[in-house]
Amino acid sequence: MILCFSGTGNSLYAARRIGQIADDRVVSANVLIKKGGGAAFDSEKPLVFVCPTYAWRIPRVFESFIRETRFSGSKKAYFVLTCGSETGAAAAYAARLCADMGFELMGLISVVMPENYIALYDAPDKQAARVIIQKAGPVIEAAANCVREGRPLLREQATLGGKLLSAAVNPVFYRFVVKAKGFHTTDACTACGKCAGLCPMNNIRLESGKPVWGSRCTHCMACICLCPAEAVEYKKSSQGKPRYHCAEERV
């Protein structure tokens, strides 16, 4: 079973490709998190967790969901993390999660995909994004073949800098950066409500037809990058930047 958490579609693209090659189903964690309540899965096939990298680790919201979910059947677990550059020491934290959950870690692989975190960085234009996705194809396919054949993924070695990023920067990122304050709409907003529908945290509500953000944001960037009118901004840092979402995005 492939369990996927995705913000702007990069991870969902990878999950669906793995599902095609490994002949396995993809389950959206976004939908389940949004619904709330516990979840339970019974899978004779290995568990494949696919998600973006948040500050060089698995997103906290996704890790919490995994910890709160009941799994039966196969205990083998693969992790596929999409990222803009690297995943730091994310594999070590995946190993800790597996130990707590009683899973057998079959490895973690990083898949470089187009940058989407426009709260801090620049997203590529469409042509550049297309090239990055094409380069990611063989990496995704190699991971999928390992899953299909039950082989472990090649072990990724974290550099000293990567360990520092995962250990020291991640907590600072969540404490000082991951906040909804700063999101707002411009006059281009059409009150379509797509941002509220996409938010896995149920953190956006419409008031007088306009979105209002609460306090449960996880900075997945779905609201800002998937707004059809490009009417959502984050402070001043997103102004004038191209929005990005994977061409295969479906939430």
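Predicted model: local features only at pLDDT ≥ 70, side-chain atom pairs only at ≥ 80, totals over all residues.
**Ground rules.** I number residues from 1 along each chain as its sequence is written, and I keep to heavy atoms for side-chain values, with hydrogens and water left out.

**Helix H5.** I took helices (H or I, at least four residues) and strands (E, at least two) as DSSP runs numbered from the N terminus, and looked up H5, which covers residues 126-149. Its 24 residues reach 34 Å from the first C-alpha to the last, close to the 34 Å expected at 1.5 Å a residue, where the expected span is 1.5 Å times one less than the number of residues. I then checked the bend, taken as the angle between axes fitted to the seven residues ending at a position and the seven starting there, and found a kink of about 30 degrees at alanine 136, shortly before proline 138.

After H5 comes glycine 150, with a positive phi near 75 degrees.

For burial I used relative accessible area (buried under 20%, exposed over 50%, partly exposed in between, with a 1.4 Å probe and protein chains only). The buried residues of H5 include Ala129, Ile133, Ala136, Gly137 and Ile140, and the buried residues of this helix pack against helix H1 (10-22) and strands S4 (47-52), S6 (76-83) and S7 (104-112). Valine 131, also in H5, is partly exposed at 33%.

**Helix H6.** I repeated the check on H6 (residues 160-177), whose 18 residues should span 26 Å and whose end C-alpha atoms are 24 Å apart, which agrees. A kink of about 40 degrees lies at valine 169, shortly before proline 171. Gly162, Ser166, Asn170, Phe173 and Tyr174 are buried in H6, and their cover includes helices H3 (60-68) and H4 (90-101).

**Rings and charges.** A charge sits over a ring if NZ of Lys or CZ of Arg is within 6 Å of the ring centre and within 35 degrees of the ring normal. I noted arginine 60 over the ring of tyrosine 174, 4.1 Å from its centre, and arginine 57 over that of tyrosine 93, at 4.0 Å.

**Single residues.** Which residues does serine 6 touch, not counting those up to four places away in sequence? I found Ser11, Leu12, Asn30 and Pro52, with contact meaning heavy atoms within 4.5 Å. Serine 6 lies in the loop between strand S1 (2-4) and H1, counts as buried at 8%, and has a side-chain polar atom 3.2 Å from the backbone nitrogen of glycine 9.

Most residues other than glycine have a negative phi, and I logged methionine 221 with a positive value near 75 degrees. Methionine 221 lies in the loop between strand S10 (210-213) and helix H8 (222-225) and is buried, at 1%. Glutamate 230 has a positive phi near 50 degrees; this residue lies between H8 and strand S11 (232-234) and is partly exposed, at 47%.

Notes: Polar contact = N/O pair within 3.5 Å; in protein donor to acceptor, adjacent residues only side chain to side chain.
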